[in-house]
Amino acid sequence: MNLPKFLNASDKEKAAILLQIIGVREQFSQMDAQENQLYNQRRAIGQIADQKKKHAADLPIWTDVPENPISASELIMQQQTILQKNAENQRLRAEYNRCEEAVVKAKMALQEAKQILAKAEF
């Protein structure tokens with residue numbers, strides 16, 4: 001080992017020389033690379049978590065949302081009930097229109113019958 005060269009070397013170079021002397025330089029390099037990889041993964045996960053927190057904070061908040069979720073089958077049943085009621089109302093409206101038309105026809109027939117009666121009484 002060249003001692004003057006070692007003493008004039010930077011701290012990083014001294015560390016590399018000492019690691020090579022003890023024979024663990026390759027193991028240290030592998031562990032250092034693994035540490036850097038784990039650090040980068042952890043850092044990426046932290047960045048993703050921060051992004052998701054910021055995104056969640058930006059989402060709109062609805063205060064009138066019920067505490068318990070509503071089941072889809074319950075909503076479907078309510079919708080079917082409403083559709084049945086609407087169909088019944090439509091049927092009743094159609095029946096009402098038919099009855100109104102019948103009343104108008106009956107009034108016209110009554111009017112014609114009154115005219116015929118009036119002519120017959122002369």
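1. Ala-94 sits in helix α4, where helices are DSSP runs of H or I of at least four residues, strands are runs of E of at least two, and both are numbered from the N terminus. With a relative accessible area of 28%, Ala-94 is partly exposed, a class that lies between buried (under 20% relative accessible area) and exposed (over 50%), worked out with a 1.4 Å probe and protein chains only. From C-alpha to C-alpha, Ala-94 and Ala-9 are 101 Å apart in space, and in sequence they are 85 residues apart.

2. Please keep in mind that this is a predicted model, in which local features need pLDDT of at least 70 and side-chain atom pairs count only at pLDDT 80 or more, whereas totals for chains, interfaces and linings use all residues. Residues are numbered from 1 along each chain as its sequence is written, and side-chain values use heavy atoms, with hydrogens and water left out.

3. On confidence, pLDDT is the predictor's own score for each residue, from 0 to 100, and the chain averages 91, with 99% of the residues scoring at least 70. Among the elements, helix α4 has the highest mean pLDDT (96), while helix α1, residues 3-8, has the lowest (81).

4. The secondary structure consists of 4 helices and 0 strands, so that the order of elements from the N terminus reads α-α-α-α.

5. As for overall shape, the C-alpha trace spans about 150 × 25 × 25 Å along its principal axes. The radius of gyration of the chain, taken over C-alpha atoms, is 46 Å, whereas a compact globule of 122 residues would have one near 14 Å, by the rule of 2.2 Å times the number of residues to the power 0.38. Buried residues make up 2% of the 122 residues.

6. Arg-98 is partly exposed, with a relative accessible area of 46%, and Glu-95 counts as partly exposed at 34%. In general, side chains of opposite charge can pair when their charged atoms come close.
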